[in-house]
Amino acid sequence: MRAVRTSRRAVLCRGAAWWAAGLSMRAAGAEAGPERQLRFSITLTNPTGETLQDQVLWLYAPLADGPGQKLLRVNCALPHELNPDPLGHAVLKLPLPPMAPWGTKVAALGFDVAMRRSPLPSSLDDPRPWLKPERYIEVDDARIREAAAALKRTTAMETAQAIYESVRARLQYAGYVADDLGALQALRQGRGDCTEYAFLAVALARANGIPARMVGGYVTEGSAAPRAEEYHNWAELHLDGAWRLLDAQKEHWLALAEQYVAFRLYRDEAVNPIGLAHRFRMDGRLRVRM
């Protein structure tokens with residue numbers, strides 16, 4: 001690829017505030033906590049010798065109204081749309097301006113999020129989607145069910161805590177692993193990265209009849225500019241009328257929820273234009289680095 005000169009670089013977004021319609025903080029049932037400002041730098045590169053037009057970047061914004069957070073603003077000077085999907089994601093659509101041959105541009109994108117100190121109560125009218133087997137969450141495998149049965153306690157809360165303690169003790173952190181391996185692989189090998197910790201906790205919870213899901217996002221004590229390698233996965237279990245945090249890899253149980261900014265709920269089906277990608281998808285030939 002031909003070298004790109006600095007003069008070809010341009011910052012697309014410079015922090016112009018954009019208020020997401022209808023996203024006011026609900027006080028009922030949850031205590032308002034601190035605000036977080038998350039800032040991202042997106043590098044877009046045209047790897048071809050022709051001008052690329054009609055390129056669209058789809059990416060996850062923080063959940064608009066998650067159990068521990070409320071999206072307040074999207075900060076970006078580019079025209080953009082924020083759309084919900086059936087799971088409650090906030091999906092950001094960025095139609096990009098034409099990109100010159102071999103060109104590179106940098107997009108600055110920010111989100112302002114109000115965190116809750118305790119999870120927002122939520123009803124679960126149909127728990128079945130969060131109890132079923134999925135790819136990497138092998139609830140119906142005999143080995144998962146045997147391990148789950150050994151953790152069954154008198155109440156769902158006690159069972160959930162036993163799951164947390166078991167996954168924390170059973171798995172050895174392997175550092176970042178590029179490929180998703182799943183709950184069964186984690187159970188068999190006794191190691192994995194944050195994704196396997198989350199998959200195993202979710203599988204054991206579902207096998208015990210506790211609705212559970214894997215969540216992806218960032219863990220931060222304050223405002224930050226997260227790097228791609230800081231993307232993290234954890235589990236949420238629906239207990240006592242709310243989605244509650246279980247992160248055996250970072251050893252957090254029912255606490256520190258205000259540090260967890262959720263972007264994606266794992267589901268093994270395409271529910272929006274991002275498909276099965278973890279963070280973003282490009283419609284077109286531009287290369288993206290976040």
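## Terms and model

Helices here are DSSP runs of H or I with at least four residues, and strands are E runs of at least two, numbered from the N terminus. The model is predicted.

## The largest pocket

The largest pocket holds about 560 Å³ of space. Its lining counts 26 residues. Closest to the centre are A228, E229, E230, Y231 and H232.

Which elements each supply at least two residues of this lining? They are α4, β10 (212–219) and β11 (232–239). By class, the lining of the largest pocket splits into 12 nonpolar, seven polar and seven charged residues.

## Helix α4 and its partner α1

Helix α4 spans residues 194–207, and helix α1 spans residues 142–149. Their axes come within 9 Å and cross at roughly 75°. Angles of 65 to 115 degrees count as roughly perpendicular, so α1 and α4 are roughly perpendicular to each other.

Which residues meet here? From α1 come I144, R145, A147 and A148. From α4 come L200, A203, L204 and A207. The residues of this contact divide into seven nonpolar, no polar and one charged.

## The second largest pocket

About 340 Å³ of space lies in the second largest pocket. How many residues line this pocket? The lining has 17 residues. Nearest the centre lie D65, L87, S122, R213 and W243.

The lining of the second largest pocket has 10 nonpolar residues, four polar and three charged.

Conventions:
Residues numbered from 1 in each chain as written. Predicted model: local features only at pLDDT ≥ 70, side-chain atom pairs only at ≥ 80, totals over all residues. Heavy atoms only, no water. Axes fitted to C-alpha atoms, helices over the stretch in contact; angles between N-to-C directions. Parallel < 35°, antiparallel > 145°, perpendicular 65-115°, else oblique. Contact = heavy atoms within 4.5 Å. Nonpolar A, V, L, I, M, F, W, Y, C, P; charged D, E, K, R; others polar. 1 Å grid on protein atoms, 1.4 Å probe; cavity = no way out; pocket = protein on both sides within 12 Å on 5 of 7 lines; lining within 4 Å. Points joined across faces, edges and corners; volume = space filled by probe spheres on them.
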